[in-house]
Amino acid sequence: MSAPASQASSPTRPPGASPVLSVRDLRVEYSTDSGVVKAVNGISFDLMPGEKLGLVGESGSGKSTVALALMRMIRPPGRISGGQMLLQGKDLVPLPERTMRQMRAREIAMIPQGAMNSLNPVARIEDQIIDTLEDHATERRSKKVLLDLARSALESVGLRREVGRMYPHELSGGMKQRACIAIAVAMRPKVVIADEPTSALDVVVQRQVMDTILRLQDELGVAVILIGHDMGLMAQSVDRLAVMYAGKLAEVSPIREIFAEPLHPYTDLLIDSLPKLEDRGTFRGIPGLPPSLKSLPPGCLFHPRCPKVMDICRQEIPEYLELRPQQFVACHLHEERHDRAAD
Ligand SMILES: Nc1ncnc2c1ncn2[C@@H]1O[C@H](COP(=O)(O)OP(=O)(O)OP(=O)(O)O)[C@@H](O)[C@H]1O
Ligand code: SF4
Ligand SMILES: [Mg+2]
């Protein structure tokens with residue numbers, strides 16, 4: 001029954017399809033004066049071409065660190081300490097920075113958390129898109145071609161061409177966020193990671209920005225990793241959901257199954273904490289706090305908060321298992337079921 005901490009088992013794929021991205025046993029650490037923070041602690045998942053995968057979890061669970069690792073943008077004191085990130089079969093982890101620089105935006109792009117604040121306040125929007133195009137291109141293109149590409153990127157996110165001549169302060173929050181999406185998709189990457197793309201926006205604009213991302217995803221056939229806290233938004237937007245807890249994946253399941261029958265007690269609580277009509281909008285949080293990533297508890301990392309905790313949970317790390325096709329869970333409650341199915 002005892003199992004390694006690793007989540008390196010191979011996720012299932014639909015017959016005939018190959019994942020565009022395969023992450024295996026990925027680990028990221030930050031060294032601090034008070035100890036090593038295990039921000040991503042051995043996670044594995046596949047992303048299929050054109051798929052929308054949601055990544056949820058409480059604040060500090062490591063979601064943005066996964067995004068930054070996939071872009072190879074972890075900066076000291078952080079480092080990728082293990083694992084593989086195979087983009088169309090090519091491992092990004094050992095790539096020289098020069099090669100990785102060409103892959104960014106062209107193959108894999110990110111709309112970072114708080115993206116609209118990352119726009120350069122003193123550069124016109126179209127110049128910022130052109131900078132991205134020039135930075136990551138393999139061949140030189142004329143100014144006119146670049147300008148046309150930048151303007152069509154703006155149109156693809158529902159912004160008028162003239163917006164390209166504007167500076168960030170002349171744009172509303174929703175327009176700025178669209179401009180960031182235009183920068184991310186300008187090179188037509190295979191994978192886009194959107195880190196909480198709507199969190200700073202009001203509800204109506206959130207919906208519009210989300211619709212823009214989903215329409216682009218559909219039109220370009222790009223695979224999207226959507227990071228967020230909002231389980232309701234995820235339910236409407238993604239094909240599969242990955243639930244992260246304290247640097248590990250607790251569960252990865254298709255969105256319909258995860259809401260119909262969550263496998264992990266943490267997923268159950270996340271769904272239960274969604275405001276319900278009869279609660280009159282009151283938010284019900286999950287009791288307790290996540291562990292310090294500098295000194296993790298033994299056994300299952302969720303055991304101090306788990307309503308279904310058993311003796312074994314305090315001692316042994318649950319294995320990350322494929323319980324049913326496309327459904328992965330790390331919880332002792334399911335290990336026996338998995339063993340029986342395997343016999
Ligand atoms: N530069 C850094 N130095 C030290 N620790 C860091 C650094 N960046 C992140 N961490 C730690 O890594 C852990 C994961 O952080 P991360 O930003 O990935 O979480 P998150 O799930 O994206 O949270 P949120 O929902 O608040 O955006 C946290 O404990 C955080 O404090
Ligand atoms: S392994 Fe045990 S403590 Fe962890 S989620 Fe499952 S039942 Fe709860
Ligand atoms: Mg984050």
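Let me start at Ser-237, which is found in helix H7, residues 231-237. Helices here are DSSP runs of H or I with at least four residues, strands are runs of E with at least two, and both are numbered from the N terminus. This is a predicted model, in which local features need pLDDT of at least 70 and side-chain atom pairs count only at pLDDT 80 or more, while totals for chains, interfaces and linings use all residues. Residues are numbered from 1 along each chain as its sequence is written, chains are lettered from A and ligands numbered from 1 in the order in which they are written, and side-chain values use heavy atoms, with hydrogens and water left out.

Back to Ser-237. Its relative accessible area is 4%, so Ser-237 is buried. Buried means under 20% relative accessible area, exposed means over 50%, and partly exposed is in between, with a 1.4 Å probe and protein chains only. The side chain of Ser-237 reaches the backbone oxygen of Leu-233 at 2.6 Å. That is a polar contact, meaning a pair of N or O atoms within 3.5 Å; within protein, one must be able to donate a hydrogen and the other to accept it, and residues adjacent in sequence count only if both atoms are side-chain atoms. On helices in general, an α-helix has 3.6 residues a turn, so residues three or four places apart point the same way.

Next, ligand 1. Which residues come nearest to ligand 1? Of the 16 residues around it, they are Ser-59, Gly-60, Lys-63, Ser-64 and Thr-65. A residue counts as near if one of its heavy atoms lies within 4 Å of the molecule. By class, the shell has 4 nonpolar, 9 polar and 3 charged residues. For those classes, Ala, Val, Leu, Ile, Met, Phe, Trp, Tyr, Cys and Pro are nonpolar, Asp, Glu, Lys and Arg are charged, and the others, Gly among them, are polar.

Now the polar contacts of ligand 1. One of its oxygen atoms is 2.8 Å from a polar backbone atom of Gly-60. An oxygen atom of ligand 1 is also 2.8 Å from an N or O atom in the side chain of Lys-63. For the side chain of Gln-113, the distance from an N or O atom to an oxygen atom of ligand 1 is 2.9 Å. On its own, ligand 1 has 640 Å² of accessible area, and the protein covers 67% of that. Accessible areas come from the Shrake-Rupley method with a 1.4 Å probe, and for residues only the protein chains shown count as cover. Strand S1 (21-32), strand S2 (35-47) and helix H1 (63-70) are the elements that give two or more residues to the shell. H1 gives the most, with 3 residues.

H1 deserves a slide. Since 6 of its 8 residues are buried, H1 is largely enclosed by the rest of the structure. The buried ones are Lys-63, Thr-65, Val-66, Ala-67, Ala-69 and Leu-70. Ser-64 counts as partly exposed because its relative accessibility is 22%. Just after H1, Arg-72 takes a positive phi of about 55 degrees.

Gln-113 is partly exposed, at a relative accessible area of 44%.

Gly-114 also lies in the loop between S6 and H3. At 36% relative accessibility, Gly-114 is partly exposed. Its C-alpha atom is separated by 7.7 Å from that of Glu-196, 82 residues apart along the chain.

Last, some backbone details. The peptide bond from Pro-76 to Pro-77 is cis, with omega near 10 degrees, and Pro-77 lies in the loop between H1 and strand S4 (78-87). Ala-105, in the loop between helix H2 (97-103) and S6, has a positive phi near 75 degrees. With a relative accessible area of 7%, Ala-105 is buried.
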